[in-house]
Amino acid sequence: MAFTHSLWLLAVLMASSLHEISGTCSTTIPSSGTNAIQISFFRNSAGGTEGQTCPSACTSAIKTQWYAIADANDACFQWPGHSGENSMRRGQCLTSSSAYTYTQWTDCTCSSSAAGKQKTVYTTKCVVDTPSTLCAMITDYSACSSGSGGDGGGGGAGGGGTTPGGEGAVSSGRPSGGTSSGRPSGGMSGGQPSGGTGERPSS
């Protein structure tokens with residue numbers, strides 16, 4: 001009897017786990033810097049307001065992730081996070097300020113009833129993210145730097161070319177305040193993202 005009950009309990013737990021997995025986003029974010037920039041995320045125990053200079057030292061990234069530069073189709077990209085659901089679109093280079101802006105949702109389709117959250121990150125400074133326990137900084141800006149058209153540029157119609165999907169290992173330098181190319185000096189390796197930042201790499 002006890003054995004039968006244990007089997008039943010195991011089946012319930014497995015079904016619950018499968019349901020949770022099916023409810024998360026798949027990964028369609030870029031896996032390289034082809035028409036994409038790389039953002040590194042750092043722990044921030046000091047809190048703060050989103051967008052302000054990070055009060056903590058951004059010296060050891062806990063995660064890196066590639067973010068697409070929007071092309072004419074402005075496709076939606078998704079990835080799993082702590083909430084299980086993150087997506088983004090409208091990625092644009094702001095080359096005059098060495099920055100990148102994008103809009104993020106806490107769903108898998110960039111189409112929740114709530115408006116997406118617009119975020120801006122920089123090559124020249126590390127800023128508080130959402131949640132405020134994270135800070136973010138661009139650690140590979142090559143796709144924006146090599147693009148034509150200035151702000152909103154990056155190559156292709158609408159400021160971007162085709163954007164690769166899939167997922168893979170990424171690496172970046174350790175930020176030290178940024179450079180004109182957006183590639184900081186120093187060594188730091190980052191793994192693939194585990195989640196995204198409309199929350200969070202991103203949260």
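Lysine 117 is partly exposed, with a relative accessibility of 35%. The model is predicted, and the values given here are computed from it. In this model, the side chain of lysine 117 forms a salt bridge with that of glutamate 50, at 3.1 Å from N to O. Lysine 117 belongs to strand β6, residues 117–122. Glutamate 50 sits in the loop between β1 (36–43) and β2 (63–68). The pair therefore ties together parts that lie 67 residues apart in sequence. Glutamate 50 is also partly exposed, at 30% relative accessibility.

The structure contains three salt bridges. Side chains of opposite charge can pair when their charged atoms come close. Another of these bridges joins the side chains of arginine 89 and aspartate 74, at 3.3 Å from N to O. This pair links distant parts of the chain, 15 residues apart. Arginine 89 is in strand β4, residues 86–94. Aspartate 74 is in the loop between β2 and β3, the latter spanning 77–79. Arginine 89 has a relative accessibility of 24% and is partly exposed.

Aspartate 129 lies in the loop between β7 (127–128) and β8 (134–140). Lysine 119 lies in strand β6. Because of these positions, the pair ties together parts that are 10 residues apart in sequence. Both partners are buried: aspartate 129 has a relative accessibility of 4%, and lysine 119 has 2%.

Lysine 117 is partly exposed, whereas lysine 119 is buried.

Glutamine 104 counts as buried because its relative accessibility is 2%, below the 20% cut-off. The side chain of glutamine 104 contacts the side chain of asparagine 86 at 3.1 Å.

Notes
Residues are numbered from 1 along each chain as its sequence is written. This is a predicted model: local features need pLDDT of at least 70, side-chain atom pairs count only at pLDDT 80 or more; totals for chains, interfaces and linings use all residues. Side-chain values use heavy atoms; hydrogens and water are left out. Buried means under 20% relative accessible area, exposed over 50%, partly exposed in between (1.4 Å probe, protein chains only). A polar contact is a pair of N or O atoms within 3.5 Å; within protein, one must be able to donate a hydrogen and the other to accept it, and residues adjacent in sequence count only if both atoms are side-chain atoms. A salt bridge is a side-chain nitrogen of Lys or Arg within 4 Å of a carboxyl oxygen of Asp or Glu. Helices (H or I, at least four residues) and strands (E, at least two) are DSSP runs, numbered from the N terminus.
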